[in-house]
Amino acid sequence: LSEYPAIPPAVAKRLQEQGVTSVRVIPETISIRHSRFEKVLATNLVEGVLLMLGPVDFTGTVFQQSIDLSKTVFVGPVRFSSARVDFEGFFIGSQFAQGVDFSHVIFGTHSRFHQAQFRDRVTFADAHFTGVAEFLEVEFQEAADFSRSAFASGTGFSGSVFKGAADFSAISAVQEIY
């Protein structure tokens, strides 16, 4: 971790506390806006993390298969607004240091944010979860906005912690939410 001076000290400390020894780094901005992925986009990490130091912007992008950014640490702000994920959208164990925008996203058959950490504001306002949505053991340190979101299948928030305001106003849920 010491070979990347751009890593904020708080992020480096958390990674060391978690025992992370293997890190892959993308040091600059990633902007793939209004694009189309026909194949799976995945980190395929078995150990360690992918560290994205700059802003990440997938606004309006369509993922015709699945996207798996599990074990990714996003240091900069993240924008997925108006994106579409036709199958699986996985962010298992991902960490978000700055604001995150998942507003107006259409999530497909399965979305998993299991043990994700949102350290700043996050919005899922007007998002549509057409399949199972898992927010199990997620940590929301600031405001979490799920207003006007639609949950069409089973949804779970078991074990999640909301340290800031949690807005679930005007949502629709076809099946149960835990």
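Mentor: In this predicted model, the side chains of Lys13 and Glu17 meet in a salt bridge, at 4.0 Å from N to O. Both residues belong to helix H1 (residues 9–17), and because they are 4 residues apart there, about one helical turn separates them. Lys13 is exposed, as is Glu17. Side chains of opposite charge can pair when their charged atoms come close.

Glu134 is buried, at a relative accessible area of 15%. Arg112 has 24% relative accessibility and counts as partly exposed. Arg112 has a second contact to note: its charged end sits over the ring of Phe90, 5.9 Å from the ring centre.

The other is between Lys163 and Glu139, whose closest N and O atoms are 3.7 Å apart. Lys163 lies in the loop between strand E25 (161–162) and strand E26 (166–167), while Glu139 lies in strand E21, so the pair ties together parts that are 24 residues apart in sequence. Lys163 is exposed, with 55% relative accessibility, whereas Glu139 is partly exposed at 22%.

Two charged residues deserve a look for their backbone. Most residues other than glycine have a negative phi. Glu137 has a positive phi of about 55° although it is not a glycine. Glu137 is partly exposed, with 43% relative accessibility. Lys71 also has a positive phi, about 60°, without being a glycine. Lys71 is in the loop between strand E8 (67–68) and strand E9 (72–74), and is partly exposed at a relative accessible area of 30%.

Strand E1 (residues 23–26) runs parallel to E5 and is joined to it by 4 bridges; among the residues involved, Arg24 has Leu50 as its bridge partner in E5. E5 in turn pairs with E9 over 3 bridges, again in the parallel sense, and there the partner of Leu50 is Thr72. Further along, 2 bridges join strand E17 (residues 117–118) to E21, and these run parallel. Phe118 stands opposite Phe140 in E21.

In a regular strand the side chains alternate between the two faces of the sheet. E5 (residues 49–52) is covered on both faces: Val49 and Leu51 are buried on one side, and Leu50 and Met52 are buried on the other.

The structure holds 37 aromatic pairs. In one of them, the ring centres of Phe63 and Phe80 are 6.4 Å apart and the planes are at 40°, so the pair is tilted. Phe63 is in strand E7 (residues 62–63) and Phe80 in the loop between strand E10 (78–79) and strand E11 (84–85), 17 residues apart, so the pair links distant parts of the chain. Both Phe63 and Phe80 are buried. Phe80 also pairs with Phe102, and that pair is stacked, at 5.2 Å centre to centre with 20° between the planes. Phe102 lies in the loop between strand E14 (100–101) and strand E15 (106–107), so its pairing with Phe80, in the loop between E10 and E11, ties together parts 22 residues apart in sequence. Phe102 is buried, like Phe80.

Key:
Residues are numbered from 1 along each chain as its sequence is written. This is a predicted model: local features need pLDDT of at least 70, side-chain atom pairs count only at pLDDT 80 or more; totals for chains, interfaces and linings use all residues. Side-chain values use heavy atoms; hydrogens and water are left out. Rings of Phe, Tyr and Trp (its six-membered ring) pair if their centres lie within 6.5 Å; planes under 30 degrees apart count as stacked, over 60 as edge-to-face and the rest as tilted. Buried means under 20% relative accessible area, exposed over 50%, partly exposed in between (1.4 Å probe, protein chains only). A charge sits over a ring if NZ of Lys or CZ of Arg is within 6 Å of the ring centre and within 35 degrees of the ring normal. Two strands pair if DSSP finds at least two bridges between them.
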